[in-house]
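Dear colleague,

Please read them with the structure open beside you.

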Amino acid sequence: MSSTVVDSPAGCTQSERLEVLFEELSELAGQRNAIDGRIVEIAAQIDRDGLVGITGARSVAALVAWKTGCSPHNAKTITTVADRLEEFPRCVTALGEGRLSLDQVAVIAEHAGQGSDAHYAHLAASASVSQLRTAVKSEPRPDPEPVRDPFADADEEPEPAPVPRPEITSTCDADYTYWRIKLPHEQSARFTAALQSHKDRLIAQHTRDHGTDPTGDGDGDRGVQLPPWPSAGEAFMELVEAGWDAEATRRPHGQHTTVVVHVDIDTRVAALHLGPLLTDEERRFLLCDATCEVWFQRHGRPLGTGRSTRTINRRLRRALEHRDRTCVVPGCGATRGLHAHHLVHWEDGGDTELDNLVLVCPYHHRTHHRGLITITGPAHQLLVTDHTGRPLQPGSLARPPTTPPPEVNPYPGTSGERAQWKWYHPYQPPPPTSNN
Ligand SMILES: [Zn+2]
Ligand SMILES: [Zn+2]
């Protein structure tokens, strides 16, 4: 660089002015680090106290992105640190005191081994984010992460049986039914491929509806208003639906085998056919946009089916699609597999007509019937709120500050020196004490 010295109007040289700007940057960066540190603590506290559920948000990261107006990627960075707060006390303290940046600590929290807090707190004091990344990568990994088949069973006994056959079993508790599928490897490979192709299709559809997953990590914490990024679970249900549809078209009248629900008229207790009792919310959800078959009964004696009043015929459905176009929850925009939701449930005398119906995506439909959001009609004056009754809006909580910024020392920045990896000793995890 040439040493041109140009006098500024204020009588300072360019380098002097730069010096002043750098000082301010350093001060601001320190304050920002400290503020990020506090946000991380708040995220950890929300998580610890299990407060996410009451907000209608899907995850702490979704809540942080929503309430601070930051990107899902940034929110993920915050929760990555929050998740390992207790494991990295030195690094987190340095963040709170403005000495390390959020990104520096996040690289450590994301991949560094257990017990490495002191090692990285020391290193980070002079290392850039990318240098830290290299350092973390050079940690020896004694057991390379096994490629996990999500349906594999870790503690399955090795079977002596000569011909392995697929097996499927299930158990259930109050909230879920748990399926366990055991497949010989070659069948498992086909299953995995089929699942993946359905997941790919769901993702393509999701991308068309909502844009790409900005975090690129596939889990898509995309704010409370968007349905979650398609998972293997949803892909599995797609696989089931597709097989079911194909089967239905092969049969003479092309009708779908339906989910059968028995409802006691007096007590409104519902149960799946030959299955568990349903909670109120499950019953209302299943019976809302019913592709299921409902059998009414009184004192255990069947009275007949009750499909006629609540069936949405093709004309009504078209009119609905024409009016709503997408899921009606603000900011959602899903267009696929929408359910027609009864604003006043037909159990409560709600009509199956245009003004009492709105289209919602399956995710928000379930969220509503679980009481995490409310959707109140009539359809032409729709109000969607979180469970505390506040209208759902995509905006953040950010407002001009009313308190002074945290008093911390200016952030000195990283040294900018070329790293001498030759002399760097990666963190050595202690030898494992158990198999886990
Ligand atoms: Zn509904
Ligand atoms: Zn939706």
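**Overall make-up**

The chain holds twelve helices and eleven strands, and please keep in mind that this is a predicted model. Of the 436 residues in the chain, 26% are buried. When contacts between residues at least 6 apart in sequence are considered, 63% of them join residues at least 24 apart.

**The nonpolar cores**

The largest nonpolar core has 37 residues, and those that touch the most other members are Val40, Ile78, Val81, Cys91, Val105, Ile108 and Ala124. At least two residues of this core come from each of α1 (14-48), α2 (60-68), α3 (72-83), α4 (89-96), α5 (102-111), α6 (117-124) and α7 (129-137), and α2 gives the most, with seven residues. To take one member as an example, Val105 touches Val81, Cys91, Val92, Leu95 and Leu100, if residues up to four places away in sequence are left out of the count. Another core, of 17 residues, lies apart from the largest one, and includes Cys332, Val358, Cys361 and Leu392.

**A pair of strands**

Strand β8 runs antiparallel to strand β9 (residues 357-360), and four bridges join the two. Within this pairing, the residue that stands opposite His342 is Leu357 in β9.

With best wishes

Conventions. Residues are numbered from 1 along each chain as its sequence is written. Chains are lettered from A and ligands numbered from 1 in the order in which they are written. This is a predicted model: local features need pLDDT of at least 70, side-chain atom pairs count only at pLDDT 80 or more; totals for chains, interfaces and linings use all residues. A nonpolar core is a set of buried Ala, Val, Leu, Ile, Met, Phe, Trp, Tyr and Cys residues joined through C-beta atoms within 7 Å. A residue is buried if 20 or more other C-beta atoms lie within 10 Å of its own, exposed if 12 or fewer, and partly exposed in between; C-beta atoms are placed from the backbone. Two residues are in contact if their C-beta atoms, placed from the backbone, lie within 7 Å. Two strands pair if DSSP finds at least two bridges between them.
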